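Hi,

Here is the structure I promised to pass on. Have a look at it first, and then read my notes below.

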Amino acid sequence: MSIRTDRVARMIQREVADLLQQDFGEATQSLTTVTGARITPDLGTAYIDVSVFGTTEEQRQAGFARLAAQTVEIRTALAARIRHQVRRIPELKFFLDEGPQRAEQMEDVF
């Protein structure tokens, strides 16, 4: 990745995390953390890794489904925040990061 794509990915990660905490926190009804962001070289698509915390797998999947349903609203809010830094607002694609749950399972095994 180039320096430009790294910077844009970090900016998008920071802004989406802030949006989820401030504006969309009640809508997802679960604790959602942005764990990473990658962007294509043409800056057209941003892949955002999120971790949704819940006590059961069904709660995590439901929280992620609510987040995925709000992708258009999140992209619109993101556009209002970063419209002066980028020419084109990237399309957002969310992916569920299962890392914390896997770590917890490994802790239980040991």
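**What I found**

Among the contacts in the chain with a separation of 6 or more, 61% are between residues 24 or more positions apart. Please keep in mind that this is a predicted model, so everything here is computed from it.

**The overall layout**

The chain has five helices and three strands.

**Salt bridges**

As a reminder, side chains of opposite charge can pair when their charged atoms come close. The structure has five salt bridges, and I'll go through some of them here.

Start with Glu15 and Arg81, whose side chains form a salt bridge at 2.9 Å, N to O. This one ties together distant parts of the chain: Glu15 is in helix H1 (residues 3-22) and Arg81 is in helix H4 (residues 71-82), 66 residues apart. Are the two partners buried or exposed? Glu15 is buried at 18% relative accessible area, because the cut-off for buried is under 20%. Arg81 has 29% relative accessibility and so counts as partly exposed.

Next come Asp49 and Arg38, another salt bridge, with the closest N and O atoms 2.9 Å apart. Here too distant parts of the chain are linked, with Asp49 in strand S2 (residues 45-53) and Arg38 in strand S1 (residues 31-39), eleven residues apart. Asp49 counts as buried at 19% relative accessibility, whereas Arg38 counts as partly exposed at 38%.

Then there is the salt bridge between the side chains of Arg60 and Glu57, at 3.0 Å from N to O. Both sit in helix H3 (residues 57-69), and because they are three residues apart there, about one helical turn separates them. Arg60 is buried, with a relative accessible area of 12%, while Glu57 is partly exposed at 33%. Going back to Glu15 and Arg81, they also belong to a network: salt bridges with shared partners join them and Asp18.

**Surface patches**

Which residues form the positive surface patch? They are Arg4, Arg7, Arg10, Arg14 and Arg87. To pick one of these, Arg7 is in helix H1 and counts as exposed, with 56% relative accessibility.

Met106 is in helix H5 (residues 99-109). Its relative accessible area is 44%, so Met106 is partly exposed.

**The loop between S1 and S2**

I looked at two residues in this loop. Asp42 is one of them, and Asp42 is exposed, with a relative accessible area of 54%. Although Asp42 and Arg88 are 46 residues apart in sequence, their C-alpha atoms are 9.9 Å apart in space.

Leu43 is in the loop between S1 and S2 too. What is the phi of Leu43 near? The value is near 60°, which is positive in a residue other than glycine. Leu43 is buried, with 19% relative accessible area.

Finally, take a look at Thr32, which lies in strand S1. Thr32 has 15% relative accessibility and so counts as buried. What does Thr32 touch, leaving aside its neighbours within four places in sequence? The contacts are with Leu20, Val50, Ser51, Val52 and Leu67.

If you have the viewer open, you could begin with Glu15 and Arg81, the pair that links helix H1 to helix H4. From there, move on to Asp49 and Arg38, in strands S2 and S1.

Happy to talk any of this through.

Cheers

Technical notes. Residues numbered from 1 in each chain as written. Predicted model: local features only at pLDDT ≥ 70, side-chain atom pairs only at ≥ 80, totals over all residues. Heavy atoms only, no water. Salt bridge = Lys/Arg side-chain N within 4 Å of Asp/Glu carboxyl O. Helix = DSSP H or I, 4+ residues; strand = E, 2+ residues; numbered from the N terminus. Buried < 20%, exposed > 50% of the residue type's maximum accessible area, 1.4 Å probe, protein only. Patch = residues over 30% accessible without salt bridge, like charges linked within 9 Å, V, L, I, M, F, W, Y side chains within 5 Å. Areas by Shrake-Rupley, 256 points an atom, 1.4 Å probe, with all protein chains shown as cover. Lys, Arg positive; Asp, Glu negative; His and termini not counted. Charge placed at Lys NZ, Arg CZ, Asp CG, Glu CD. Contact = heavy atoms within 4.5 Å.
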